[in-house]
Amino acid sequence: MREPRWHRLAVRDLEKLHWRTAANIDAAIQEFASTGTGVLRKVDVDGRTELRLYVAPFFAWISVTPTEVLVWRVVRYSKS
């Protein structure tokens with residue numbers, strides 16, 4: 001099991017959302033950290049690879065190590 005850790009910018013992103021939406025994103029991060037399940041994609045951006053965990057209509061930009069899941073940002077990718 002990995003430990004979820006939140007960068008201050010990701011915390012700020014969550015604080016801007018409705019509490020239920022933020023709770024759903026947090027639950028998805030917790031689930032991914034403990035079981036590895038979730039919609040995870042590698043995306044090439046400007047010559048580097050990002051890991052994104054999707055929780056529609058948002059994604060969490062993350063890094064994964066053997067001991068932790070670091071959440072860098074939470075971004076809305078759709079207006080619907």
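Author: Phenylalanine 59 counts as buried, at 9% relative accessibility; here buried means under 20% relative accessible area, exposed means over 50%, and partly exposed lies in between, with a 1.4 Å probe and protein chains only. The model is predicted, so local features need pLDDT of at least 70 and side-chain atom pairs count only at pLDDT 80 or more, while totals for chains, interfaces and linings use all residues. Residues are numbered from 1 along each chain as its sequence is written, and side-chain values use heavy atoms, with hydrogens and water left out.

The structure has three aromatic pairs. One of them joins tyrosine 54 and phenylalanine 59, whose ring centres are 5.7 Å apart with 50° between the planes, a tilted pair. Rings of Phe, Tyr and Trp (its six-membered ring) pair if their centres lie within 6.5 Å; planes under 30 degrees apart are stacked, over 60 edge-to-face, and the rest tilted. Tyrosine 54 is buried as well, with a relative accessible area of 18%. Tyrosine 54 also pairs with tyrosine 77: the centres are 5.4 Å apart and the planes stand at 75°, so this pair is edge-to-face. Because tyrosine 54 lies in strand β3 and tyrosine 77 in the segment after β5 (68-76), the pair ties together parts that are 23 residues apart in sequence. Strands (E, at least two residues) and helices (H or I, at least four) are DSSP runs, numbered from the N terminus. Tyrosine 77 counts as partly exposed, at 43% relative accessibility.

Arginine 41 lies over the face of tyrosine 54, 5.1 Å from the ring centre, and the charged end of arginine 52 is placed over the ring of phenylalanine 59, 4.1 Å from its centre. A charge sits over a ring if NZ of Lys or CZ of Arg is within 6 Å of the ring centre and within 35 degrees of the ring normal.

Strand β2 (residues 39-45) pairs with strand β3 (residues 48-55) in the antiparallel sense over seven bridges, where two strands pair if DSSP finds at least two bridges between them. Valine 45 has arginine 48 in β3 as its bridge partner. Two residues separate the strands in this hairpin, and aspartate 46 takes a positive phi near 50° there.

Elsewhere, aspartate 13 belongs to helix α1 (residues 8-15) and is buried, at 8% relative accessible area. Apart from its neighbours within four places in sequence, aspartate 13 is in contact with Arg73 and Val74, contact meaning heavy atoms within 4.5 Å.

As for the whole, the protein chain holds two helices and five strands, in the order β-α-α-β-β-β-β from the N terminus on. Of its 80 residues, 34% are buried. Among contacts with a separation of 6 or more, 43% are between residues 24 or more positions apart. The C-alpha atoms fill a box of roughly 30 × 30 × 25 Å along the principal axes.
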